[in-house]
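Please read them with the structure open.

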Amino acid sequence: MKPRGTSSTVALVRQTLESPQLATVLTQLVFGVAFGAHLLVSVMGWAGLLGAVLTLVAVATLALLARRTTLEWHGLLPISILVFVGWCALSVVWSGYTVVSLAGIGYQLVFAFLAIAVALLRDTIQILRATGDVLRVLLGLSLILEILSGLLLDLPITFLGIAGNISTLGPIQGVFGSRNQLGLVALIAAVTFTIELRARSVRRNVGIVSLVLAGTALLLTRSPVILVVALFVGVAALALYWLRRTAPERRWMLQLGLAGAVVVVGATAWFARARIVSLLNAGSEFETRLTLWREVWRLTSLHPLEGWGWAGFWPTHGTPYDWLDFITRTEQTSGLNAFFDVYFQVGLVGFIAFVALFGLAFVRSWLLASDKRPLVYVWPALILVILLVTSTAESTVLVGFGWLLLVVCSVKAAQGMSWRSALARHPKHDQG
């Protein structure tokens, strides 16, 4: 017989792992580590970040095991995620930087696992609240440090890269490493806080202060990239508002009309790309991006199907990354475009898998946001719009919090519109 004390301890541990309080804290910590990765690396180094991530993986594994009999597993993971991650992992076979590829694949896998755990353990509204809580803290900390650096001390905080530019109204970057990253986080926060406020999941004064915080951070970044993304998000939000107020029998016609408008705008932008490039190519930042993209496109032609091998964050040394740094005269950590980046690292096969993953997640989320009454369904759709548009100028969606959000939204969308779940609900369909 087991001692009574041992049985009580095991029961207490199991009860703790199954508790909603643990799931809430775990979700907040996962998002906190993902969004605060640059801060953690700056303070504790990569060893500290990896230690935090692996600890979360261990806790999430125990929580999933404790709830394994109550969770709905069927049709959980979209096949598109498995295909993309599997191809990235396979690329280690032909990668010329095997150690870097193994590290990049491991980093990708642990955040994918944490995203799946969060999507399983929490409802969308609970994920929304956790994201809002984390972003309130990180944006508040960013503005406090910028004020401390630029107004009170008049000294840069070098280990975080904060230059103290708030005295000249920006650009600022807070604890996120660059103004584009801060702008992206602020835009995600603005969408999150707006839905929280409209859904009445936070007190009105908290929601209003949160929106002011996000808007202030967004404006002080002075990032033209994020302002363009914000414009697209505004248009998408108006389109969803229109769709949700349209009668269901007429909604499909409006969906087709909006899809046609997107195709027309996209085709126009493609055929006018030379003119658009010439208009944008006035600054050194865009010139650097254009030089990088042209060279990435040229190098991709050397390994068109399989790519050079997955890395995630670009290594600081080794072929062909040294050459790209030399060409652009700047140390590059990504392709500054998620689609070019994926094509470069894992070739045409990986590119198709990534587009399928992104496309399925977006279409499912958009349809759910259009058809489902609860406002919380709008959140994944708008988050994916942000990630999609930002992916044309940044590679954030491939690593860290961008990848975490993509997988969370993809899994949640699949839970709502998975063909495998439909088959599971009608097991005798093929026997009729």
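1. Contact here means heavy atoms within 4.5 Å. With neighbours up to four places away in sequence left aside, R122 is in contact with P20, A23, T24, T27, I127 and K412. Keep in mind throughout that the model is predicted.

2. Where does R122 sit? Its place is the loop between helix 5 (98-121) and helix 6 (124-152). The residue is buried, yet R122 has no salt bridge. D123 carries the nearest side chain of opposite charge, and that is 7.1 Å away. The side chain of R122 does make a polar contact with that of Q126, at 3.5 Å.

3. D325 is buried and lacks a salt bridge. The nearest side chain of opposite charge belongs to R329, 12 Å away. Beyond residues up to four places away in sequence, D325 touches T316, T330, E331 and Q332.

4. Now the salt bridges. The count comes to six. Take D133 and R136 as one of them: their side chains meet at 3.1 Å, N to O. Both residues lie in helix 6, three residues apart, about one turn of the helix. D133 has a relative accessibility of 32%, so it counts as partly exposed. R136 has a relative accessible area of 17% and is therefore buried, the cut-off being under 20%.

5. Which other residue does R136 pair with in a salt bridge? The partner is E196, with the closest N and O atoms 3.1 Å apart. This pair links distant parts of the chain: R136 is in helix 6 and E196 in helix 7, 60 residues apart. R136 and E196 are both buried.

6. A further salt bridge joins E295 and R298, with the closest N and O atoms 2.5 Å apart. Both lie in helix 12 (residues 284-300), three residues apart, about one turn of the helix. E295 is at 12% relative accessibility, so it counts as buried. R298 has a relative accessible area of 41%, which makes it partly exposed. As for shared partners, salt bridges join D133, R136 and E196 into one network.

7. Is helix 7 mostly enclosed or open? Of its 20 residues, 16 are buried, so helix 7 is largely enclosed by the rest of the structure. Just after helix 7, R200 takes a positive phi of about 60°.

8. Last, F176. F176 counts as buried because its relative accessibility is 5%, against a cut-off of under 20%. Setting aside neighbours within four places in sequence, F176 is in contact with F35, H38, L138, L139, S142, Q181, L182 and V185. V262 is 86 residues from F176 along the chain, and their C-alpha atoms are separated by 32 Å.

Note on methods:
Residues numbered from 1 in each chain as written. Predicted model: local features only at pLDDT ≥ 70, side-chain atom pairs only at ≥ 80, totals over all residues. Heavy atoms only, no water. Helix = DSSP H or I, 4+ residues; strand = E, 2+ residues; numbered from the N terminus. Buried < 20%, exposed > 50% of the residue type's maximum accessible area, 1.4 Å probe, protein only. Lys, Arg positive; Asp, Glu negative; His and termini not counted. Salt bridge = Lys/Arg side-chain N within 4 Å of Asp/Glu carboxyl O. Polar contact = N/O pair within 3.5 Å; in protein donor to acceptor, adjacent residues only side chain to side chain.
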